[in-house]
Amino acid sequence: MSGKRQSAHPPYTYRDYKSSILRGPARDPVDLGELEAKQSSGAGVESRASLAGRFRPGELDHDLTRNARRGGEPLGERIVVSGRVLDESGSPIPDALIEIWQANAGGRYLHKADDHDAPIDPNFLGAGRNVTDREGRYRFLTIQPGAYPWKNHHNAWRPRHIHFSVIGESLAGRLVTQMYFPGDPLLDLDPIFHAVPAAARGRLIAHFDLGLTQPEFALGYHFDIVVAGSGATPRDDHGSGAG
Amino acid sequence: MSNEPCLLTPSQTVGPYFTLGLTPTRDETGFGPLITNEIRGDGEPITIRGKVFDGAGVPVNDAMLEIVQADGNGRLDAPEFPGFARAGTGEAADNSYTFKTVKPGPLGGDQAPYICMIVFMRGMLLHACTRIYFADESANPNDPVFSRLPADRRETLLARRVETADAVSYEFDIHMQGERETVFFSLADAI
Ligand SMILES: [Fe+2]
């Protein structure tokens with residue numbers, strides 16, 4: 001197991017997150033790079049496949065305030081969510097596909113499994129997608145999601161969040177995560193957030209950004225995403241590098 | 001512009017509602033699926049089908065699986081070949097998943113043909129990667145990865161070929177825990 005995994009990602013099973021107990025793999029994963037390093041057949045699909053630039057979202061897909069209207073506007077507070085997708089060396093990842101999904105302003109998902117007694121918004125789907133530009137930048141316009149209850153423990157509530165999926169150039173960088181909002185009192189009580197090692201938790205919280213905020217229209221939140229780079233190029237973590 | 005080293009963004013679970021954004025079926029608003037459970041390209045058309053079992057042996061009804069593969073010629077970069085597909089387990093009554101794809105060719109060297117699979121679900125805080133090898137391939141015993149796995153665990157990566165009059169399918173179940181726990185891989189330098 002690599003040190004990076006320990007420092008950034010949650011473990012497969014985390015006692016306070018009940019559904020992880022029977023669902024996370026129990027055994028340590030096999031280090032694929034180590035197996036491949038011992039042989040001469042060349043790298044496998046995992047390190048050779050390049051996924052960036054293969055997907056073309058529709059024109060309105062990034063605007064959740066418009067992509068599912070039925071004659072009206074979705075209710076709630078409009079927000080801009082924007083940031084960059086980078087690898088660990090700080091290089092932007094262009095053409096990465098970002099897919100998001102979220103609850104509506106009342107904390108309800110448009111999903112058959114969501115039985116929370118909060119109103120559905122007929123003009124809000126809660127799903128969007130976009131690809132990053134040459135500087136790795138993405139942007140969504142959406143509605144501030146509401147908090148919602150779940151059944152993990154008594155009086156359990158998820159902090160307001162937006163789910164993110166990132167498909168960049170390398171399979172090693174595949175990431176699914178959740179973006180949270182600054183100052184949310186529910187963060188302290190959330191086992192999913194707390195499963196992340198303490199030092200890395202803050203990376204999941206967006207920053208309020210007056211620069212992204214559009215006057216008379218929408219608040220702006222900044223959320224950068226850092227994914228593992230391609231395993232194809234061996235890295236030297238101790239070297240100074242040429243920047 | 002100099003690039004500062006950056007710290008990895010932690011993973012979080014895909015949760016119970018991922019179908020909304022990742023495998024949408026509705027398209028009345030124009031937001032249909034961008035990535036489907038189908039890959040078209042050169043090669044023998046096959047269906048891959050199976051279930052995902054949790055530690056209690058219960059089929060998981062809200063798992064999402066992604067596959068990445070070469071085409072029938074062992075090419076990852078053939079034009080118009082996405083080599084990528086996605087399927088959920090919540091659609092079918094028996095909680096099985098289905099991919100319609102082509103059988104990949106080997107990449108070269110001693111490698112046997114295989115498909116990479118990524119497993120996500122509510123309850124998983126981090127995804128897991130595995131490989132689907134084909135039980136009817138004679139190259140498996142020489143494959144540099146397959147052959148180096150513990151002998152008693154290799155079988156968890158074998159998909160079984162089932163032929164009917166007009167179709168070829170492979171069955172591949174995933175066991176998250178227990179005696180038959182599927183071999184999962186960590187990708188070098190990645191997670
Ligand atoms: Fe959620």
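Val30(A) stands opposite Phe185(B), a residue of S10(B). Strands pair when DSSP finds at least two bridges between them. Strands (E, at least two residues) and helices (H or I, at least four) are DSSP runs, numbered from the N terminus.

The model is predicted, with local features needing pLDDT of at least 70 and side-chain atom pairs pLDDT 80 or more, while totals for chains, interfaces and linings use all residues. Residues are numbered from 1 along each chain as its sequence is written, and chains are lettered from A and ligands numbered from 1 in the order in which they are written.

Between the chains, 81 residues of chain A are in contact with 70 residues of chain B, contact being C-beta atoms, placed from the backbone, within 7 Å.

Chain A holds 5 helices and 12 strands. Its C-alpha atoms fill a box of roughly 60 × 40 × 30 Å along the principal axes. Among contacts in chain A between residues at least 6 apart in sequence, 70% join residues at least 24 apart.

For contacts in chain B between residues at least 6 apart in sequence, 72% join residues at least 24 apart.

Technical notes: Two residues are in contact if their C-beta atoms, placed from the backbone, lie within 7 Å.
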